[in-house]
Amino acid sequence: MKKFIIFFLLPITLWSENILVLRFTPYQTQKDEKIESEIAKAFQSQSTETLKIDISNLSIKEVLNNLDDYKNYQSIIHGYYKKGKYKLLLYVQIYDSKKGYIYDSYSLTDPLENIKFDLQKLTEEEKKELYEPAEKRISTMVNNVLNIIKLNQEKKINYKNIQDYLLSEQIYQDIKFPIYEKSKEEQIKEALKLATSQYVTTVTKTKIKIQEAPATVYVIDEKNIKERGYRTLIDVLYDVPGFDIIHNYGIYPELIHQRGLEGTKNEKSLVYVDGILQNNLFEQGVLAGAVRFPLHNVERIEIISGPASSLYGSNAFNGVINIITKDGSNPETNIEFQGGYYETGLKNDTSFAVISTGELRALKTNVGKYNEGGKISFFHSGKTENMQFAVSGYYYKTQGPYFGGVGTLMDKRPDPYSSEYLDWLINTEINKKACGRKCIPSSGMRGYWWSPLYDNSYEDTYNIMAKFKFGNFEFKTINWQYLQGEGTFANAIQQIDTSKLAFKGSSWSFKNNAFNITYTKDITDNLTWKTDFYLLHSEILNLSSEQYPNTDGIDVYYNYYEEYTSSKEELVTHAGGSDSSYARQDYSYQITSYLNYTGIRNQNILIGTDLQYYNLPKDYGERERVEYNNIAFYIQDIIRPIQDLILTIGYRYDKNSFYGYAHTPRLGIVYYLTPKLIGKFLSSTGFRAPSAWESFSTTKQRKSNPDLKPETLNSYELGLDYRDNKFISTIDVYYNLIKNLILLSQTTDPNPNAPGSFWDQNRNIAKARVIGFENNNDIKITNDFTISFYYNYVESKYFDLPLTLTSTPSAAGRRGDSYENDLRAEILAEVLTNLGIKRTSSQIVPEEGKVPNISQNKFGIGFTFYFTNDISLNIRGNYVGSRLTRGTNEIIKKTDPYFFSKLNFRWNNFITKKMYFQLTINNITNEQFFDPGIRSANGGYYPLLHPVEQRNVWFLIGYNF
């Protein structure tokens with residue numbers, strides 16, 4: 001035992017250090033020989049045989065310029081002193097004498113320094129505490145500095161101390177210090193090392209290594225955001241496997257379809273910010289302020305692919321996105337300005353030739369070549385002895401992309417088995433080729449088209465966030481408002497797409513407010529209790545309205561010049577009425593609480609409850625409201641029975657006063673095949689509760705259905721995860737089975753609003769099957785050059801579609817696509833007619849068909865090159881394969897594939913060390929691409945296709961204070 005003690009103490013007793021202490025320098029104060037002498041004496045008094053301290057009157061500049069003369073010293077200490085209002089302030093830097101840079105730091109300041117006290121009201125004890133003697137301050141500083149040196153014998157750079165004691169102090173802004181900057185090789189090596197041991201929290205609500213997580217998880221960190229120029233969440237989702245995106249630059253303004261399932265309102269995935277829900281409450285959708293959530297203050301984004309209802313409940317159906325913002329743990333202050341423009345041009349000059357009036361020629365000159373936009377954002381975080389905080393603000397305004405004159409209108413498609421079909425097909429193809437999908441060949445008004453007056457993609461949005469943490473409590477608030485046009489959501493032939501002249505236009509505006517209070521208590525070393533209270537509010541503002549022409553068509557944008565010139569009132573009358581009854585407010589109060597136990601056999605047990613209360617309107621507007629609540633219990637056990645095996649077992653039970661109950665189990669098996677290669681088997685379930693819109697919203701054709709049940713999803717997945725310092729690759733194969741899909745179908749109930757017809761209704765009447773493959777890779781080629789690449793394949797199909805559907809939800813059902821389906825439709829229509837149910841063959845839906853608007857093959861590739869430590873270039877692109885359109889789109893069966901390219905150039909330490917510059921270009925080739933039409937996409941109200949933005953360029957200047 002004695003030998004062991006001697007051996008254990010040997011490294012300590014043999015350690016010795018020679019230290020050179022330089023004379024301290026005054027900072028923002030007069031020179032004081034007494035203070036400098038006291039500091040030198042205090043250091044000298046601590047000199048021993050093992051800690052030899054020499055004092056010198058040399059300046060730090062003289063020493064650093066002649067380091068070879070001081071090889072016998074291991075550390076050099078220099079510092080500054082400042083006479084504060086109440087106490088002596090000290091700032092100390094510890095230099096590596098071999099390399100000449102600061103490897104550690106310490107400061108002794110006072111948070112009371114900036115507070116003004118009425119000294120006459122202070123007691124003697126309070127004054128004594130306020131005016132601490134300089135000798136005591138010097139003694140404290142010397143002891144702490146020497147302890148820092150003793151604890152850091154290897155002279156490793158202590159970035160945390162340097163950040164806390166130097167970079168966060170004002171002195172760093174005023175004096176240039178030799179801070180060690182990592183080489184490009186070190187930066188890349190550190191980034192890859194971080195990626196191979198990265199932790200995530202969204203998957204299990206506890207900290208777990210990403211490769212051991214019981215789900216497929218993609219993480220985008222701050223480095224990715226800066227290198228690639230991501231501005232909002234939607235920019236990130238382009239580069240993540242499994243997402244199909246349709247742009248309409250309006251209500252949503254992007255529809256995101258994850259893992260082969262489409263939704264009409266972005267309702268099948270959840271978006272959180274710091275664990276706070278951002279989906280709107282009435283429709284359960286991801287609206288503009290969420291899908292375009294700004295990233296200027298984001299630390300990382302964790303994306304779960306696949307269901308996660310065993311922890312998150314309803315709507316964690318096909319995926320969860322959690323945006324995690326920075327807190328005050330690393331104090332930071334910055335401000336950013338960004339400006340840019342969308343290239344538009346006049347792509348359809350022929351449309352202006354329809355009318356040759358002076359008014360129209362004048363209008364033509366008012367349509368600009370560029371639509372501008374700009375943003376300003378700020379972020380500030382910090383910490384005091386008892387609190388850390390982070391606040392941020394963001395404002396963005398743009399005219400958005402211009403789509404005026406983009407369109408093709410043609411006669412309604414004739415029956416494929418009629419004699420007119422061939423002529424129609426030939427003329428359609430000729431017209432499309434002749435005018436490049438930008439002309440108006442006929443007056444049938446089926447297709448996609450937006451007027452030359454178009455200004456419908458504008459955005460005017462702000463976002464304000466704050467986080468405060470003090471003791472066991474944390475407060476968070478997220479507030480955003482999004483004013484926007486309706487974009488290309490609807491055809492301009494049936495909805496006004498401009499606010500120019502006397503038109504009112506069409507717009508949707510949203511607002512979200514969220515407040516969260518968290519209490520966390522470590523009951524024991526192994527047991528933690530956490531409780532969250534949430535107040536959620538989502539709203540459609542009363543600014544939202546739509547305006548329609550009196551007669552469908554393009555005449556409203558042209559003929560009024562000749563027919564209505566006497567007054568604006570006549571012009572408005574010609575344009576038609578508007579609907580502004582959409583305004584509504586949604587509320588939810590939620591309490592979540594769980595116990596987390598970590599203990600025996602590497603076990604991690606989570607037991608929690610969720611209590612949720614909803615107060616929602618039954619429809620757009622505030623006429624009637626509905627209240628319901630949800631009570632949930634969940635349990636999760638993560639255990640490591642052997643070193644290489646991690647098992648996750650979870651279960652959640654939801655009881656809802658609206659739709660009933662739901663059970664969602666989960667199983668994850670993760671096994672280390674080698675130290676770098678992990679295999680996964682995952683079995684998980686998800687459910688999506690019917691939204692208030694689906695259950696209660698009514699029209700003259702659609703009635704409510706409060707008896708809807710949740711959609712359910714069973715998922716089975718196999719995965720491989722390989723990680724080393726040069727190569728990271730994940731491969732996942734999954735099979736999803738979805739039941740109780742909610743689709744709109746015709747009932748057998750007569751509709752009194754339209755004699756001879758029947759009510760439509762949202763009903764649980766279909767199933768879907770999805771098989772998919774995802775591969776994601778990050779490859780380090782050299783220290784300066786990396787490549788990222790992903791590929792995903794998906795095959796998704798609806799099946800067991802009932803005869804009660806009168807409109808197909810699938811890509812099947814067009815007359816002429818399948819002779820077998822057409823023959824079946826003819827026979828069933830005749831049978832139903834004989835039974836007294838009026839149905840045409842075009843209203844008979846095939847029993848199965850592929851899910852529309854999903855790209856079967858999709859990949860992205862990106863290249864990042866560092867010219868220096870501070871200057872980088874990222875070039876990347878996304879290939880979107882052809883997508884089958886909905887069967888109700890009689891004219892266009894599938895979209896053309898396209899490759900959307902992007903560039904981002906970033907220069908840190910631009911002009912000054914604290915400034916940075918960024919240039920981002922989207923759609924480098926400036927081509928006109930198209931996404932498939934949403935909803936029915938029949939070319940009437942809903943366009944056949946949606947154009948994608950052409951080239952847009954953005955310049956960003958930022959400054960770190």
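1. Gly836 follows helix H19 and has a positive phi, near 90°. The model is predicted, and the values in this note are computed from it. H19 itself covers residues 819-834, 16 residues in total. From first C-alpha to last, H19 reaches 23 Å, close to the 22 Å expected at 1.5 Å a residue.

2. Which residues of H19 are buried? They are Asp822, Ala825, Ala829 and Leu832. These residues lie on the same side of H19, because the arc they cover around the axis is only 95°.

3. Is Glu132 buried or exposed? Its relative accessible area is 19%, and the cut-off for buried is under 20%, so Glu132 counts as buried. The Glu132 side chain makes a polar contact of 3.3 Å with the side chain of Arg137. Leaving aside residues up to four places away in sequence, Glu132 touches Tyr86, Lys87 and Arg137.

4. Strand S10 (residues 243-247) pairs with S11 in the antiparallel sense, and five bridges join the two. Within this pair, Ile246 is opposite Leu255 of S11. The hairpin has six residues between the strands, and Tyr249 there takes a positive phi near 55°.

5. Strand S11 (residues 254-258) is largely enclosed by the rest of the structure, because five of its five residues are buried. In a regular strand the side chains alternate between the two faces of the sheet. In S11, Glu254, Ile256 and Gln258 point one way, while Leu255 and His257 point the other way. Both sets are buried.

6. Five strands form an open sheet with mixed pairing, in the order S9-S14-S15-S12-S13. Strand S9 (216-221) and strand S13 (276-277) are the edge strands, each pairing on one side only.

7. How do S12 and S15 run relative to each other, parallel or antiparallel? Strand S12 (residues 270-273) and strand S15 (residues 319-325) run parallel and are joined by four bridges. Leu270 stands opposite Val320 in S15.

Methods:
Residues are numbered from 1 along each chain as its sequence is written. This is a predicted model: local features need pLDDT of at least 70, side-chain atom pairs count only at pLDDT 80 or more; totals for chains, interfaces and linings use all residues. Side-chain values use heavy atoms; hydrogens and water are left out. The expected span of a helix is 1.5 Å times one less than its number of residues. Buried means under 20% relative accessible area, exposed over 50%, partly exposed in between (1.4 Å probe, protein chains only). The arc is that of the directions from the helix axis to the C-beta atoms. A polar contact is a pair of N or O atoms within 3.5 Å; within protein, one must be able to donate a hydrogen and the other to accept it, and residues adjacent in sequence count only if both atoms are side-chain atoms. Contact means heavy atoms within 4.5 Å. Two strands pair if DSSP finds at least two bridges between them.
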